[in-house]
Amino acid sequence: MIIRKIVNEDIDNICELHLRSLDKNHFTSTFNSKLLVKYFQKLLRENKYSYLATEENNSSPVAFLIAGYKTNKAINEFIKENIAPVFFTLLRNPQFITEKIFELFRELFSVSKKIELTKLQLYLIEVDPAHRKKGFAKELISNFEKELKKDKVYYYGLSVRKTNVEAIKFYSKSNFEVENTNGTSIHYTKEIL
Ligand SMILES: CC(C)(COP(=O)(O)OP(=O)(O)OC[C@H]1O[C@@H](n2cnc3c(N)ncnc32)[C@H](O)[C@@H]1OP(=O)(O)O)[C@@H](O)C(=O)NCCC(=O)NCCS
């Protein structure tokens, strides 16, 4: 397995991997390719811990991880800059409207907003379905944590949907601790030893 930083030239491959890895219960899985490229460009520009994994004999990424301090900022800016296409995608996929309204209210009224904004977030970790349970996510996390230690960061968090059973099993096995839960998500934290 080879792990390296994600560069701009990887974005098309990362978009394809994202569509293969997440089911249609995720709003971004309904984005067209142009909008998805913009989404990843923004995430990568604002978040310094971004890595992909390939097999030894093939340069196509089979897994990736994106983390940083500015995941919320990246998403908010992406929405502001692409308000029309995001809105029309929402109209074409009305099953997400209630969820997005709840998220907006949580964002506006969250008492823990300040804490969340200052904490480093692991925003995405995805492995191609054909390459799961082979240790790719574990290695990406291990590499990520080594980089954090180099920067003297020993603590980070993440959120996962309560319905994402596979990811919850993975986080439970990977020493994450539940910090709190809300209607749709579980928030985990991890201390790096
Ligand atoms: C969650 C996910 C990243 C796990 O990736 P993975 O490469 O299959 O995980 P690994 O092979 O590194 O597994 C690490 C450990 O977790 C366990 N694990 C991983 N997925 C599991 C599952 N579905 N059920 C039970 N255990 C699981 C492995 O058995 C392994 O345990 P071990 O250390 O005792 O051997 C992957 O299933 C995925 O991409 N899901 C879709 C995207 C997603 O939901 N991402 C999270 C939210 S952004």
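How many of the residues of β4 are buried? The legends below, which describe a predicted model, begin with this strand.

**View 1. Strand β4 and its pairing with strand β3.** Seven of the seven residues of β4 are buried, and the strand is thus mostly covered. β4 is joined to β3, which spans residues 58-68, by six bridges in the antiparallel sense. Within this pairing, Ala67 is found opposite Leu122 of β4.

**View 2. The crossing of helices α2 and α3.** Helix α2 comprises residues 33-46 and helix α3 residues 71-81; their axes come within 9 Å and cross at roughly 145°. The crossing of these two helices is right-handed. On the α2 side, the contact is formed by Lys38, Tyr39, Lys42, Leu43 and Glu46, which meet Lys73, Ala74, Glu77 and Phe78 of α3. Five charged and four nonpolar residues make up this contact, and no polar residue takes part.

**View 3. Lys133 in the loop between β4 and α7.** Although Lys133 is not a glycine, its phi is positive, at about 55°. For residues other than glycine, a negative phi is found in most cases. Is Lys133 buried or exposed? Lys133 counts as exposed because 10 C-beta neighbours lie inside 10 Å, and a residue with 12 or fewer such neighbours is classed as exposed.

**View 4. Lys152 in the loop between α7 and β5.** The loop that holds Lys152 runs between α7 and β5, the latter spanning residues 155-161. Lys152 is a residue other than glycine, yet its phi is positive, near 60°. Why is Lys152 classed as exposed? Lys152 has 6 other C-beta atoms within 10 Å and is therefore exposed, the limit for this class being 12 or fewer.

Terms used:
Residues are numbered from 1 along each chain as its sequence is written. This is a predicted model: local features need pLDDT of at least 70, side-chain atom pairs count only at pLDDT 80 or more; totals for chains, interfaces and linings use all residues. Axes are lines fitted to C-alpha atoms, for helices over the stretch in contact, and angles run from 0 to 180 degrees between N-to-C directions. Helices (H or I, at least four residues) and strands (E, at least two) are DSSP runs, numbered from the N terminus. A crossing is left-handed if the near helix is turned anticlockwise from the far one by less than a right angle, and right-handed if clockwise. Two residues are in contact if their C-beta atoms, placed from the backbone, lie within 7 Å. Ala, Val, Leu, Ile, Met, Phe, Trp, Tyr, Cys and Pro count as nonpolar, Asp, Glu, Lys and Arg as charged, and the others, Gly among them, as polar. A residue is buried if 20 or more other C-beta atoms lie within 10 Å of its own, exposed if 12 or fewer, and partly exposed in between; C-beta atoms are placed from the backbone. Two strands pair if DSSP finds at least two bridges between them.
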